[in-house]
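Subject: Structure for your review

Dear colleague,

Please find the sequence and the structure below. My notes on what was found follow directly after them.

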Amino acid sequence: YNENSRESTSSFNPEQKEWEQNRMKQVQTEFGSKKSSQQEEEYDYVFDEEQIQFIAEDSISTTKEISPETIEQIQNIKKLNSQMTMQEVRKSLPIFPYREELIQAVNDYQVLIIVGETGSGKTTQIPQYLHEAGYTKRGKVGCTQPRRVAAMSVAARVADEMSCKLGQEVGYSIRFEDCTSEKTVLQYMTDGMLVREFLTTPDLSNYSVLIIDEAHERTLHTDILFGLVKDIARFRPDLKLLISSATMDADKFSQYFDDAPIFTIPGRKYDVSTLYTQAPEANYVDAVCVTVLQIHVSEPLGDILVFLTGQEEVDTVAEMLQQRTRGLGTKIKELVITRIYSTLPTDLQAKIFEPTPENARKVVLATNIAETSLTIDNIIYVIDTGFCKQKIYNPKSGMESLVVQPCSQASANQRKGRAGRVAPGKCFRLYTAWSFENEMEPNTTPEIQRTNLGNVVLLLKSMGINDLVHFDFMDPPPAETLIKALEQLYALGALNDRGQLTKLGRKMAEFPVDPQLSKMIIASEKYQCTDEILTICAMLTVNNTIFYRPKDKAFQADAAKKTFFHPEGDHLTLLQVYNQWRETGYATQWCFENFIQHRSMKRAKDVREQLEGLLERVEIPITSSADDTIAIRKAITSGYFYNTAKLEKSGLYRTNKTNQSVQIHPSSALFDAPPKWVVYFELVLTTKEFMRSVIEIQPQWLFEIAPHMYKQSELETESDKKKLPKVMGKSSTSK
Ligand code: CDP
Ligand code: MG
């Protein structure tokens with residue numbers, strides 16, 4: 001993995017945009033010129049220069065080719081499937097033969113570990129089996145998912161299978177969206193939502209069964225749930241606990257849950273041959289396109305699943321493929337391009353499940369979400385870039401960044417496994433066998449060990465769990481990370497100097513957002529601008545999906561965006577966008593004209609309504625000071641005073657508390673006129689460390705808002721001498 005490939009992939013990289021555009025031009029001219037001169041030639045020539053050489057994992061035995069018979073077989077399965085009733089489909093799943101045995105095991109044991117290949121029917125079937133077996137007479141069956149999209153799409157599927165309306169007997173709940181009712185007996189939800197339920201009903205008395213699904217993903221909230229559910233299982237013997245995972249880590253789960261029995265569902269699996277690139281690929285986005293087309297023109301029909309790292313990448317590849325196939329016209333069979341990522345609107349998501357038309361091939365461009373959470377039927381080919389986007393956290397500096405990194409071997413193998421469900425398949429790895437062996441970690445580090453814990457610590461404290469050091473973690477977070485979280489909560493005023501929850505902390509915990517955001521919301525009472533701050537907070541939750549920039553209208557889109565720019569910073573820009581939209585009566589047309597994504601705005605509106613409801617709960621009245629941008633910026637600073645940076649020279653900033661060299665992100669309103677002092681919302685690491693969403697502040701405000709964090713001397717704007725940052729608490733200084 002050379003540095004280049006990593007740079008060009010990160011989603012908010014301005015150079016990436018430029019590169020894309022150049023690339024597009026190149027592609028167009030390539031196809032344009034060749035088409036005119038070699039009209040009647042075979043289409044393979046397209047790849048004359050660019051073709052990627054793959055070598056089979058086992059280079060001695062030739063890779064098994066996918067035969068026309070196999071393809072026929074797949075077509076037959078597809079036909080059969082489409083003729084089967086939904087009940088027949090249910091009966092055809094690998095889990096079905098084990099139905100009785102599974103129900104018996106749940107009857108017999110309180111805690112059960114369930115292991116089975118992805119797609120065997122764990123998520124959609126087990127809750128239904130338990131419902132049919134009468135468990136829902138005693139309470140709900142709850143099933144957690146690490147991802148919002150999975151919770152929603154699985155709930156929709158199960159509602160379909162049970163012929164009920166989504167939100168009735170079968171529902172889901174995700175942050176800022178509750179699609180359940182009195183009637184709901186099967187409830188899918190994100191793991192974070194279940195953690196929050198412990199705040200309101202500590203014994204989870206509404207539930208008779210809890211399924212912690214996709215346990216192998218080891219998200220932060222899933223790990224916290226392990227400790228919480230293990231604890232309540234002790235004093236609620238009637239509660240059944242199922243820990244369900246893909247074929248990984250079963251023994252570890254069993255050991256953690258006091259040697260709970262493991263129930264294995266044998267999956268159907270076909271051979272998947274693995275192919276590696278001969279040499280490292282400098283640019284995997286490009287390599288993906290070439291490989292998709294290479295497969296499309298030279299391999300028998302069968303759908304392709306591609307693993308990319310994020311939304312922008314998925315959209316870029318979709319667009320590149322559209323361009324390239326358009327250039328080829330009718331010379332190739334139809335290629336149906338579909339996408340899946342968590343922020344994709346639901347109607348577009350559904351497309352990945354639509355059957356592929358006869359004589360066409362579907363390609364699904366996906367993020368990690370398709371690794372285990374979602375099963376797409378009939379995938380024969382997998383293209384694996386070998387990368388994923390991950391949060392990394394440095395507890396010393398308190399810095400969290402999203403970075404594109406090589407995925408783990410376990411991930412790569414899961415990805416490969418998506419191909420062998422209905423027939424033998426092929427997995428094209430866009431990296432070398434050497435990279436796989438030497439550059440990839442065997443397993444993904446659990447999120448709890450690479451993330452900021454502020455949020456979770458606040459929640460646990462609110463549940464009365466004070467002794468976090470002795471919390472029953474499956475894998476404990478680094479002590480430094482815990483200390484840092486306590487320090488940050490203390491600095492925000494959520495904890496007192498004995499580490500106990502304060503009144504402010506209790507209020508903050510009511511809001512399902514990061515502690516800085518909830519602090520900002522609560523501080524807005526003092527500055528009489530709760531209305532504006534709620535909007536800003538809601539807009540920040542959809543931050544990167546607001547402005548729409550179609551490639552063919554990039555210039556107009558950029559110009560439209562500029563009209564919203566607020567000279568004092570991006571938060572105020574967001575506020576301006578929302579308020580103008582509100583004035584039009586939330587008009588779709590207005591969004592369209594201004595290159596703004598209506599869906600994101602609608603979501604911000606929903607989020608805002610929910611936050612407003614919570615504000616009522618903590619008895620804070622709505623106040624507004626629309627024109628007092630100082631008040632608004634002070635409220636923001638009350639939550640984000642840790643994130644300050646000072647201009648050093650020509651656009652280069654240094655963060656005050658972490659002593660890092662950073663820059664304002666080019667998408668910011670302040671990019672062209674960098675002020676002396678800024679507060680930033682987050683850092684993103686692409687080619688450089690960028691501050692995304694910044695506002696201008698006056699250093700004196702810090703003295704007023706966070707005197708415990710800033711000394712007067714630090715704030716003197718005159719002195720250009722670098723000062724050692726002062727970090728409060730025990731861990732003295734950063735680098
Ligand atoms: O949880 P697990 O991976 O074991 O399987 P599942 O998610 O319960 O999926 C079982 C079957 O339901 C698969 O064949 C999926 O294709 C199908 N399914 C679907 O058609 N639509 C969904 N939204 C979810 C699942
Ligand atoms: Mg599942």
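Two strands are said to pair if DSSP finds at least two bridges between them. Please bear in mind that this is a predicted model.

By that criterion, strand β10 (residues 272–277) pairs with β17 in the parallel sense, over 5 bridges. Within this pairing, Thr 274 has Cys 427 of β17 as its bridge partner. Strand β14 (residues 379–384) also pairs with β17 in the parallel sense, over 4 bridges, and here Val 382 has Cys 427 as its bridge partner.

Strand β17 (residues 425–429) is largely enclosed by the rest of the structure, because 5 of its 5 residues are buried. In a regular strand, side chains alternate between the two faces of the sheet. In β17 both faces are covered: Gly 425, Cys 427 and Arg 429 are buried on one side, and Lys 426 and Phe 428 on the other.

A barrel is found elsewhere in the chain order β18-β19-β20-β22-β21, where 5 strands close with mixed pairing. On average, neighbouring strands of this sheet are turned by 55° against each other, direction ignored. Strands β18 (residues 644–649) and β19 (residues 652–655) pair in the antiparallel sense over 4 bridges, and Lys 649 stands opposite Leu 652 in β19.

Finally, the largest nonpolar core holds 185 residues, of which Val 288, Val 306, Cys 537 and Val 678 touch the most other members. Helix α7 (residues 148–161) contributes the largest share of this core, 9 residues. Leaving aside neighbours within four places in sequence, Cys 537 is in contact with Val 513, Leu 517, Met 520, Ile 521 and Leu 611.

Yours sincerely

Note on methods. Residues are numbered from 1 along each chain as its sequence is written. Chains are lettered from A and ligands numbered from 1 in the order in which they are written. This is a predicted model: local features need pLDDT of at least 70, side-chain atom pairs count only at pLDDT 80 or more; totals for chains, interfaces and linings use all residues. A nonpolar core is a set of buried Ala, Val, Leu, Ile, Met, Phe, Trp, Tyr and Cys residues joined through C-beta atoms within 7 Å. A residue is buried if 20 or more other C-beta atoms lie within 10 Å of its own, exposed if 12 or fewer, and partly exposed in between; C-beta atoms are placed from the backbone. Helices (H or I, at least four residues) and strands (E, at least two) are DSSP runs, numbered from the N terminus. Two residues are in contact if their C-beta atoms, placed from the backbone, lie within 7 Å. Axes are lines fitted to C-alpha atoms, for helices over the stretch in contact, and angles run from 0 to 180 degrees between N-to-C directions.
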